[in-house]
Amino acid sequence: MGRFSELDMYYLGQATHYEIYRKLGAHPTEEKGKKGVYFAVWAPNAAKVSVIGSFNNWQEDANEMERLEPMGVYETFIPEAAEGDMYKFYIETRDGRRLYKADPYANYAELRPGTASVVTDITHFKWTDAKWMEKRKATKDVHSQPMSIYEVHPGSWMRHPGREDEGFYSYRELAKRLTAYVKEMGYTHVELMGISEYPYDGSWGYQVTGYYAPTSRYGTPADFAYFVDYLHKNNIGVILDWVPAHFPKDAHGLAEFDGTCLYEYADPKKGEHPDWGTKIFDYGKNEVKNFLIGSALMWIEHYHVDGLRVDAVASMLYLDYGKKDGQWIANKYGGNKNLEAIEFFKHINTLILGRNPGTVMIAEESTAWPKVTGKVEEDGLNFSYKWNMGWMHDFLDYMKLDPYFRKDNHNKMTFGMSYNGSEHYILVLSHDEVVHLKCSMLNKMPGLGEEKFSNLKAGYAFMMGHPGKKLLFMGQEFGQLREWSEERELDWFLLEEDSHKQLQTFVKDLLHIYKKYPAMYEADTDWNNFEWINADDAYRSIFSFVRKSKNGKKNLLFVCNFTPVAREDYRVGVPMKKQYKLIFNSDEKKYGGSGETRPLTYRAVAQDCDNRPYSFAYPLSGYGVAIFEY
């Protein structure tokens, strides 16, 4: 690997240096026959920069770096340095301050509370997931593939009991345990929270200091690569949370990196989030854009990650996000849109998806911003998917209600279909919904004891049948009772109780049906794929709808009852005079139902119902769910 060249500078200045992580940072190499480490950092407004570390006893003047013009990149080669050494950049500012900064491009960091970067070589990992990568590359349309995501916080999914440290599973241990669980449950993807290095556990990884480093909490970069490789070999996709919206003010981080606002907007009205106490990246600066683009590309191309879920997109798009009058500056047209952030999204999404077919970019965007998943040619942002926060709020508002009051809020469950075609959506019940006194999913449900479980099962079945990809946060699949906390593992002991085990089995069977039937995923935004049978049965709070496959075979009919009142002879209108095969019945013993035997096939008869000429009757239990194949 050569030194930082004029061409490197040119590309960095254009925001097109797509493998910048191979140049900036610390790289074990050889120069003039000597082994050592090459260091390079961008700090254009510094008066002087040196590398300090375990190889020079942290002496500030031992290894001063050479400045390269015109970009203000500093570089040096240190023969005494080697892999595993800790280091920082010592920066003297033009106004005489002394800063000790971690390397923005470091590939590995000291375990917190330490804040040093660690020299490592990420080029030697032997990948064995070629089959997965070829299949990914050959994917013509990600939207026609199944996607049911298990959202996981690695440090609190499961832990080793009785250890003196936190008992975290390493990336390698997590790979094996998580893969076994995810395969059994039937999820297609795992989404990991908080993998880019971050100082404070309580931020869950959403306040990042190391955009190029997998957190050392769970092991080395090679261990993380092993994790991705292992999941791929078991046919599980890996999505990472990625946070280009803001960064913390920690002294060793990016804030005022060279004594000036280098990575952030200089004006605090643009450069700070008053609510979060964080800095906002300057999306107008090419070197900053390149920093973020390079990070995203490294995760996807170097670490084989299958997609990035981009956090807090709305906070980037709106200049007045979370700000009061007088706290923000309008754009050149007098509006509240951040034109530079819009341009950034169009650039990065087009670039990443163009270079890496089969990968996804997912927007966590909480407003009605148009065309988040629209094409750039039509002024869209070109994300692959958008989290459907509107659906989630309506769904939870409805589910929290006492069943008696649901009849007056029936439209909360049907409204989502009125805008379903406007974006490619993921229906989400994420970590955000089960923290900060919002209650666990189970404890949001009305009633006591078993009634909570019955409500939640009906809700999950409705969610699984509704168009859109799926995401469920860990623990909610078995009815975690306590709110989630990053400080402890999930309450797996609950699975010793029948009701929790039954809920888990219920979710598992739904996930396997989702994967098995193309009608459930191949055309989520197509009106030919979905049809309400009865969207207006508000009085009884029952919803019936069909999901249709492209080839007309193995279509599914859903019937969901959201009150405890059983309907012994519930008649449902159907599209065709055919036999309807019962493939899922919530009243089975294994789900905590009565276990009463029911016929497995139902023949439609010529009897008007739901404005259709054909129908059949089915014994629908209280909170009952039935899925039929036809």
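Leaving aside neighbours within four places in sequence, Ala 40 is in contact with Lys 23, Leu 24, Gly 25, Met 65, Tyr 74, Glu 75 and Phe 89, where contact means heavy atoms within 4.5 Å. This is a predicted model: local features need pLDDT of at least 70, side-chain atom pairs count only at pLDDT 80 or more, and totals for chains, interfaces and linings use all residues. Residues are numbered from 1 along each chain as its sequence is written, and side-chain values use heavy atoms, with hydrogens and water left out.

Ala 40 belongs to strand β2 (residues 34-42); helices (H or I, at least four residues) and strands (E, at least two) are DSSP runs, numbered from the N terminus. With a relative accessible area of 0%, Ala 40 is buried. Here buried means under 20% relative accessible area, exposed means over 50%, and partly exposed lies in between (1.4 Å probe, protein chains only). From C-alpha to C-alpha, Ala 40 and Arg 3 are 8.6 Å apart in space, and 37 residues separate them in sequence.

Tyr 230 sits in helix α5 (residues 221-233) and is partly exposed, its relative accessible area being 23%. Tyr 230 and Phe 168 are 62 residues apart in sequence, and their C-alpha atoms are 19 Å apart.

**Helix pairing**

The axes of helix α14 (residues 450-465) and helix α15 (residues 498-516) come within 11 Å and cross at roughly 10°. Axes are lines fitted to C-alpha atoms, for helices over the stretch in contact, and angles run from 0 to 180 degrees between N-to-C directions. The crossing makes α14 roughly parallel to α15, a term for angles under 35 degrees. On the α14 side the contact includes Phe 453, Leu 456 and Tyr 460, and on the α15 side it includes Leu 503, Phe 506 and Leu 510. The residues of this contact divide into 11 nonpolar, two polar and two charged. Ala, Val, Leu, Ile, Met, Phe, Trp, Tyr, Cys and Pro count as nonpolar, Asp, Glu, Lys and Arg as charged, and the others, Gly among them, as polar.

**Backbone features in loops**

A cis peptide bond joins Glu 69 and Pro 70, with omega about 5°; Pro 70 is in the loop between β4 (66-68) and β5 (73-78). The peptide bond from Arg 112 to Pro 113 is also cis, with omega near 15°, and Pro 113 is placed in the loop between β7 (98-101) and β8 (117-118).

**The protein as a whole**

The protein has 15 helices and 28 strands. Its radius of gyration, 27 Å, is close to the 25 Å that the globule rule gives for 630 residues, so the protein is as compact as a globular protein of that length. The radius is taken over C-alpha atoms, and the rule is 2.2 Å times the number of residues to the power 0.38. Along its principal axes the C-alpha trace spans about 90 × 60 × 45 Å. Of the 630 residues, 60% count as buried.

How values were computed
Angles under 35 degrees count as roughly parallel, over 145 as roughly antiparallel, 65 to 115 as roughly perpendicular and the rest as oblique.
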